[in-house]
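Subject: Structure handover

Hello,

Here is the structure I said I would pass on. My notes on what was found in it follow below.

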Amino acid sequence: MPAPGENLKINGDRLWDSLMEMAKIGPGVAGGNNRQTLTDEDGEGRALFQRWCEAAGCTMGLDTMGNMFARREGTDPDALPVYVGSHLDTQPTGGKYDGVLGVLGGLEIVRTLNDLNIKTKHPIVVVNWTNEEGTRYAPAMLSSGVFAGIHTENWAKDRVDADGKRFGDELKRIGWEGDEPVGARKMHAMFELHIEQGPILEAEGKDIGVVTHGQGLSWTQITVTGKDAHTGSTPMPMRRNAGLGMARILEKVDEIAWSHAPHAVGAAGHIDVFPNSRNVIPGKVVFTVDFRSPEHAVILDMEARLKAAAEEICRDMGLDLEMEKVGGFDPVTFDSGCVTAVRNAAERLGYSHMNLISGAGHDACWINQVAPTAMVMCPCVDGLSHNEAEEISRDWATAGADVLMHAVVETAGIVE
């Protein structure tokens, strides 16, 4: 396919305005967003995205997991589409760019091609994947996982949130369950633009991250059960303190991650303590250990050592233990052809760039199993993400979307 000319660039101001307009839906309390999956706010954000896509001449497809597919036709009716996108859902205290940049960056490609009356051989489809974050319904990247055949649809729709509400019921409630079978679509390729969510690009002074690999991830939900008791009147030898058991397990989590430095990481971000009262010894705790590494063998080692340590700690303390793997995926190697298209685009446009391993999971990690896939990353200030203070610059967003467009259009093929 011929490469696009270096003067082909997106409208950075229009992209930025779209980001700011979407951020008005589900505002957080500190400048970011709370637009969790399958909430009313998620439904409102989806409706705005659909209006924008239809205004740009796209037709909207919707599958039974709520994944949205905005299609711009190509000149060859038999050519498989090139997909581009990410997710619109956020963390409870999320930023304005995580995921959203990738979806609206894809929309901006369509708008720019319309402005310039450029046709492509392959159709281009902008996608919004449902429940990438996994904060309300574990695991993360749930619907792209169903699309790729990792999870069954029935299993995914039976996931419940902290209030016991089923994924499938909430999807229907907000009106975004489609009729199209999940995974029926075939892809020529897929590209995803995302903020780095780490400090490397900013520290190195690079405009673009060319993502070659993704870290593997393991989420293990641990339930430790002891006995609720008065903190003041229960003698120390008679306590079955689930909170203390959790603390000792988490100390082991840190120790295990450090043993595989510098690339492995581990922590617990989700923690529920019951009954969570100042003067009651915790009788039950539920927490999720998040281990990550670019090496599969390291993840397996960390999982095994966590299990052994947790069992020993709880046995010695007289506590009951349950462990369930609630999410995970193997390390990812992205498609060499798609990665080369991203790298060539950055060089053609004169943007500084470097190879990156993604430390976070993304929908592209699952789609990579069913279609050639690659990712583009732009810096974020101080590497901060999953935080309302998450920030990027207009120039970073523009550069990322420029590279995304060149990679997508080159893969889709310009029709002269």
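Before the rest, some ground rules. The model is predicted: local features need pLDDT of at least 70, side-chain atom pairs count only at pLDDT 80 or more, and totals for chains, interfaces and linings use all residues. Residues are numbered from 1 along each chain as its sequence is written, and side-chain values use heavy atoms, with hydrogens and water left out.

Binding-site residues

An unreviewed UniProt entry lists H87, D98 and H194 under "binding site". These residues span 108 residues in sequence, yet no two of their C-alpha atoms are more than 9.8 Å apart, so they gather at one spot. The same feature name is also placed by UniProt (unreviewed entry) at D98, E133 and H386. That set is spread over 289 residues of sequence but clusters in space, with a largest C-alpha distance of 9.6 Å. UniProt positions are in the numbering used here, feature names are shortened, and annotations may be inferred rather than shown by experiment.

H194 sits in strand 6 (residues 189-195). Helices (H or I, at least four residues) and strands (E, at least two) are DSSP runs, numbered from the N terminus. With 1% relative accessibility, H194 counts as buried. The classes are buried under 20% relative accessible area, exposed over 50%, and partly exposed in between (1.4 Å probe, protein chains only).

D98 is found in the loop between strand 3 (82-86) and helix 3 (100-115), and is buried at 4% relative accessible area. Its side chain makes polar contacts with the side chains of H194 (2.9 Å) and H386 (3.2 Å). Leaving aside neighbours within four places in sequence, D98 is in contact (heavy atoms within 4.5 Å) with residues including H87, E133, H194 and H386.

H386 lies in the loop between strand 16 (373-378) and helix 12. H386 is partly exposed, at 40% relative accessible area. Beyond its neighbours within four places in sequence, H386 is in contact with Q91, T93, D98, E133 and Q197.

Cores

The largest nonpolar core has 98 residues, and M22, F49, L101, L104, F191, I392 and V403 have the most contacts inside it. Such a core is a set of buried Ala, Val, Leu, Ile, Met, Phe, Trp, Tyr and Cys residues joined through side-chain atoms within 4.5 Å. Helix 12 (residues 394-412) supplies the largest share of this core, 11 residues. A second, separate core of 20 residues includes A242, A310, C314 and L319.

Annotated domain and cysteines

The unreviewed UniProt entry gives residues 215-314 the annotation "domain: Peptidase M20 dimerisation". The end C-alpha atoms of residues 215-314 lie 30 Å apart, and the span is 36% helix and 34% strand.

A search of the whole structure finds 0 disulfides, where a disulfide is a pair of cysteine sulfur atoms within 2.5 Å. For C378, the nearest cysteine sulfur is that of C380, 7.3 Å away. C378 is buried, at 0% relative accessibility, and C314 is buried at 2% relative accessible area.

Regards

Methods: Polar contact = N/O pair within 3.5 Å; in protein donor to acceptor, adjacent residues only side chain to side chain.
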